Amino acid sequence: MRDLTLSEIERLQVDAVAAEQPFVMDEESFRAFYEETARPLWAYLSRVLGDNAMADDLVQEAYYRFLRAAPDCETEAHRRHYLFRVASNLARDHWRRPRPLQIALDEAGEGAVVDGSQDLAADTARRKDLGRAWAHLSRRDRELLWLAYAHGSAHREIAAALGLRTASIKLMLFRARKRLARLLRQAEAEVGQT
Amino acid sequence: MKRPDQRECHREPELVEAIIDGRWPEGCDETLRQHVGDCAVCAEVAEIAPLLNGEHTAACHEAGPPPVGAVWWRLEARARREAMLRATRPILWTQGLAAACVVGLALGVLPLTLEVLGDWDAWLYQSAVLPEVSGVVTSWFAHLDHENIQLALIGCVSVALLIPLALYLALSEE
Ligand SMILES: [Zn+2]
């Protein structure tokens, strides 16, 4: 039997790597998970970072890191929390400075006063206030408030997604909520003055 | 009665759930509405949560995630590429080491080659470091006869041809 050359060994190794499944999760499970989480994940990254383009880039990176880490999750909820934890770590690494919300106001929203739809106009004004207030919040405040009130996550779930102790969430969320409420009142007052 | 320093309220989860489900305020029972009127925490939550939940709905609508098939394909291809790099790294190391040995050997015999080739390299020997290194190396080979020097020359030419090949093998995969 002849000896194997170095390049043949290399090719055999490469073939073995190509043949094996790269992730623990199979494609079908990933499809279901992605369909359920891709939009909320993008929304989270986009609103926490205040940067839609960055969110576009980081969503795929978050899924890649999630699949590579192959977390041993018992439930769908655990899996989702783990994904958001990966996303939060990415947001921390890519956080540059506080940025306002990139709120895409649709044409109906902008033209609401002309159409006489006062509710829609008020809604648009509130979103603009939120955008201004949001610009002054830290990354951590944004994460906490988004998970608690945009997702409706419980303290335990927020702690899992942010890698914090559940006991710390109560106080941190209380402070973040106070700050946002104050900033919203300021934003409203500024609009009232102009 | 409202207490501004109050940090939490046992009815907050119930209120948040109602807001997320779109039942707040009309779809909730009267006791919750009354409670929100009296509780500082819930009043603040009722002010903030609908805004953030509305923003969440708008952002999800705005999001345009790429098709799952394309994402899966890209992630899988990336994982395989990285796994291949990991698998071939030891071989690359071996090749790099071989290249380094070849370069070291070539540098070792260079002064001897220059000596054999004639005096044109005298200027090089007069430079700062090379004379000392070459002095040592040439003293080792001082006893060699003419045939051995020819052999050394053939070796040097071979090494000179092998260096680019070895470097190519070592670096091409990187
Ligand atoms: Zn309450």
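Student: How many residues of chain B are in contact with chain A, and how many of chain A with chain B?
Tutor: In this predicted model, 46 residues of chain B are in contact with 55 residues of chain A.

Student: How much area do the two chains bury between them?
Tutor: About 4800 Å², with 64% of it on carbon and sulfur atoms.

Student: And how many salt bridges between chain B and chain A?
Tutor: The count between them is eight. Over all chains it comes to 24 salt bridges.

Student: Which residue of chain A does B:Glu62 form a salt bridge with?
Tutor: The partner of B:Glu62 is A:Arg47, and the closest N and O atoms are 2.9 Å apart. This pair crosses between chains: B:Glu62 sits in helix α3 of chain B, and A:Arg47 in helix α2 (residues 27–49) of chain A.

Student: What does A:Glu61 meet in a salt bridge?
Tutor: The side chain of B:Arg78, at 2.9 Å from N to O.

Student: Which elements of chain B give two or more residues to the side that touches chain A?
Tutor: Those elements are α1 (12–20), α3 (40–62) and α4 (68–117) of chain B.

Student: Which of them gives the most?
Tutor: α4(B), with 18 residues.

Student: How do the residues on that side of chain B divide into nonpolar, polar and charged?
Tutor: The side of chain B that touches chain A has 24 nonpolar, seven polar and 15 charged residues.

Student: Switching to the metal. What coordinates the zinc ion?
Tutor: The donors are B:Cys9 (SG), B:His35 (NE2), B:Cys39 (SG) and B:Cys42 (SG), at 2.0 to 2.3 Å. Their spacing in sequence is C-x25-H-x3-C-x2-C.

Student: Why is the arrangement around the zinc ion tetrahedral?
Tutor: Because the four donor atoms subtend angles of 98 to 117°, and four donors count as tetrahedral if all angles lie between 85 and 135 degrees. Ideal angles for four tetrahedral donors are 109.5 degrees.

Student: Last one, on the backbone. Is the peptide bond from B:Trp24 to B:Pro25 cis or trans?
Tutor: That bond is cis, with omega near 0°. Most peptide bonds are trans.

Student: Where is B:Pro25?
Tutor: B:Pro25 is in the loop between α1 and α2 (30–38) of chain B.

Note on methods
Residues are numbered from 1 along each chain as its sequence is written. Chains are lettered from A and ligands numbered from 1 in the order in which they are written. This is a predicted model: local features need pLDDT of at least 70, side-chain atom pairs count only at pLDDT 80 or more; totals for chains, interfaces and linings use all residues. Side-chain values use heavy atoms; hydrogens and water are left out. Contact means heavy atoms within 4.5 Å. Buried area is the accessible area (1.4 Å probe) that two parts lose on being put together, summed over both. A salt bridge is a side-chain nitrogen of Lys or Arg within 4 Å of a carboxyl oxygen of Asp or Glu. Helices (H or I, at least four residues) and strands (E, at least two) are DSSP runs, numbered from the N terminus. Ala, Val, Leu, Ile, Met, Phe, Trp, Tyr, Cys and Pro count as nonpolar, Asp, Glu, Lys and Arg as charged, and the others, Gly among them, as polar. Donors are N, O and S atoms within 2.8 Å of the metal (3.2 Å for Na, K and Ca); water is not among the atoms, so sites may look incomplete. Four donors count as tetrahedral if all angles lie between 85 and 135 degrees; four count as square planar and six as octahedral if opposite donors are over 155 degrees apart and all others between 65 and 115; anything else is irregular.
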